[in-house]
Amino acid sequence: MRLPAIVFGLLFSLLAATAAEARTYASPQALIKSLYADTIDPAEDDAPSPYSAYFSEALNESLAANGEAVDFDPILAGQDGVASNVRLSPPIILGDTAELEVSFRNGKRSATLFYTLVRENGGWKVDDIADQSGDEPWSLRDLLGQ
């Protein structure tokens with residue numbers, strides 16, 4: 001009887017997804033370290049962002065409404081790859097907002113992203129990501145029309 005194993009597998013997957021959604025991060029560094037350590041499968045075109053557990057409610061709403069405006073992975077600042085040698089600056093925390101810089105390598109390319117975080121629902125969440133380097137600087141919020 002494989003049915004109990006299938007039901008158990010589905011239940012375990014549901015519980016794991018719920019636990020991931022319910023994670024709270026006590027510090028900006030804990031959030032970013034978890035974000036870059038997590039193995040995230042690319043989302044299907046009509047699926048919510050695979051990073052939704054890490055993003056603020058406002059950013060998730062913007063992605064749901066305007067996600068087609070982002071045709072790259074904002075965490076990697078590119079189409080694909082893997083972030084290695086991830087380094088975080090000390091965060092600047094002002095009340096319920098924090099900013100920090102994240103530097104990493106993606107293949108042969110170096111990248112530096114600037115994160116804006118907000119404290120919501122008892123923990124920190126990503127509210128914006130920006131790349132200020134190169135010929136085409138961007139902010140995730142700007143790309144989403146915010």
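How many bridges join strand β2 (residues 92-94) to β3? The answer is 3, and the two strands run antiparallel. A few close-ups of this predicted model follow, with side-chain values from heavy atoms, hydrogens and water left out. Residues are numbered from 1 along each chain as its sequence is written, local features need pLDDT of at least 70, side-chain atom pairs count only at pLDDT 80 or more, and totals for chains, interfaces and linings use all residues.

**View 1. The whole chain, for orientation.** We have 4 helices and 6 strands here, where helices (H or I, at least four residues) and strands (E, at least two) are DSSP runs, numbered from the N terminus. Along the sequence they come as α-α-α-β-β-β-β-β-β-α. Of the 146 residues, 37% count as buried, with buried meaning under 20% relative accessible area, exposed over 50% and partly exposed in between (1.4 Å probe, protein chains only).

**View 2. Two hairpins that share β3.** Strands count as paired if DSSP finds at least two bridges between them. β2 and β3 make a hairpin with 2 residues between them, and G95 in the turn has a positive phi of about 65°. Look for I93 opposite A98 in β3. β3 then joins strand β4 (residues 109-120) through 10 bridges, again antiparallel. That hairpin also has 2 residues between its strands, with G107 in the turn at a positive phi of about 70°. R105 sits opposite S110 in β4.

**View 3. β1 against β3.** Strand β1 (residues 83-88) pairs with strand β3 (residues 97-106) in the antiparallel sense over 4 bridges. A83 has N106 as its bridge partner in β3.

**View 4. Y36 and the largest nonpolar core.** A nonpolar core is a set of buried Ala, Val, Leu, Ile, Met, Phe, Trp, Tyr and Cys residues joined through side-chain atoms within 4.5 Å. The largest one has 30 residues, and Y36, Y115 and V126 have the most contacts inside it. Two or more residues each come from α2 (28-37), α3 (57-66), β3, β4 and β5 (123-131). Setting aside neighbours within four places in sequence, Y36 is in contact (heavy atoms within 4.5 Å) with I75, A83, V86, V102, F104, L113 and Y115.

**View 5. S139 in strand β6.** S139 lies in β6 (residues 138-139). Why does S139 count as buried? Because its relative accessibility is 10%. Its side chain makes a polar contact of 2.8 Å with that of D128; such a contact is a pair of N or O atoms within 3.5 Å, and within protein one must be able to donate a hydrogen and the other to accept it, while residues adjacent in sequence count only if both atoms are side-chain atoms. Neighbours within four places in sequence aside, S139 is in contact with D128, I129 and A130.
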